[in-house]
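The exercises below are meant to be worked with the sequence and the model side by side. Try each task before reading its solution.

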Amino acid sequence: SSLSLRIKECSLNLGHRRVIVPTETTFAVNVIKSLVNMSFEGTTQCELSWDFQGSSPILQVTSPGNTPAQSSHEDRQQVPVLIKDLCQGRLNMEISPVGGLSFTQASTSREDKEGLYDWKFFN
């Protein structure tokens, strides 16, 4: 089974904070193997992938009581959520019988796939 999602426009608001997701962002889930009984007990292996089209989601913050959408540029601060290396990637995830998550393989947009942002980073 697989599921893919393309986001044309998205922002998430919580009080005086907002996250803006880049245009044309894609997410995909591909279920590789799933053994689940009628009580929803079992294990699942899936591959998750994402592509923020070369841009990071942006976190905007303004003073409490205001919203980033209504504040002027000078009254809000913003910062990228992800570094460039993590704006596109793929990882394999396993869900244990008790709901624990573990990551067994990951790939980001870096040429050298070993090191700081390999699958061990996500565990």
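A disulfide is taken here as a pair of cysteine sulfur atoms within 2.5 Å. The model is predicted, and by that cut-off the structure holds zero disulfides.

**Exercise 1. Describe the order of helices and strands, and decide where the model has its lowest and highest confidence.**

Solution. First count the elements, which are one helix and nine strands. Next read along the sequence, where the pattern is β-β-β-β-β-β-β-β-β-α. Then turn to confidence: the chain averages a pLDDT of 85, and 87% of the residues score at least 70. Confidence is lowest in helix α1 (residues 119-122), with a mean of 62, whereas strand β3 (residues 17-21) has the highest, at 95.

**Exercise 2. Trace the pairing of strand β3 with β2 and with β6, and find which residues stand opposite R18.**

Solution. Start with β2 (residues 10-14), which pairs with β3 in the antiparallel sense over five bridges. These strands form a hairpin with two residues between them, and in this hairpin G15 takes a positive phi near 60 degrees. Continue to β6, with which β3 also pairs in the antiparallel sense, here over four bridges.

**Exercise 3. Is S71 buried or exposed, and which residues does S71 touch beyond four places in sequence?**

Solution. Locate S71 first, in the loop between β6 (58-62) and β7 (76-80). Its relative accessibility is 11%, so S71 counts as buried. Leaving out residues up to four places away in sequence, S71 touches T62, N66 and R76. With T62 there is also a polar contact, in which the side chains of S71 and T62 approach to 3.2 Å.

Methods. Residues are numbered from 1 along each chain as its sequence is written. This is a predicted model: local features need pLDDT of at least 70, side-chain atom pairs count only at pLDDT 80 or more; totals for chains, interfaces and linings use all residues. Side-chain values use heavy atoms; hydrogens and water are left out. pLDDT is the predictor's confidence in each residue, from 0 to 100. Buried means under 20% relative accessible area, exposed over 50%, partly exposed in between (1.4 Å probe, protein chains only). A polar contact is a pair of N or O atoms within 3.5 Å; within protein, one must be able to donate a hydrogen and the other to accept it, and residues adjacent in sequence count only if both atoms are side-chain atoms. Contact means heavy atoms within 4.5 Å. Two strands pair if DSSP finds at least two bridges between them.
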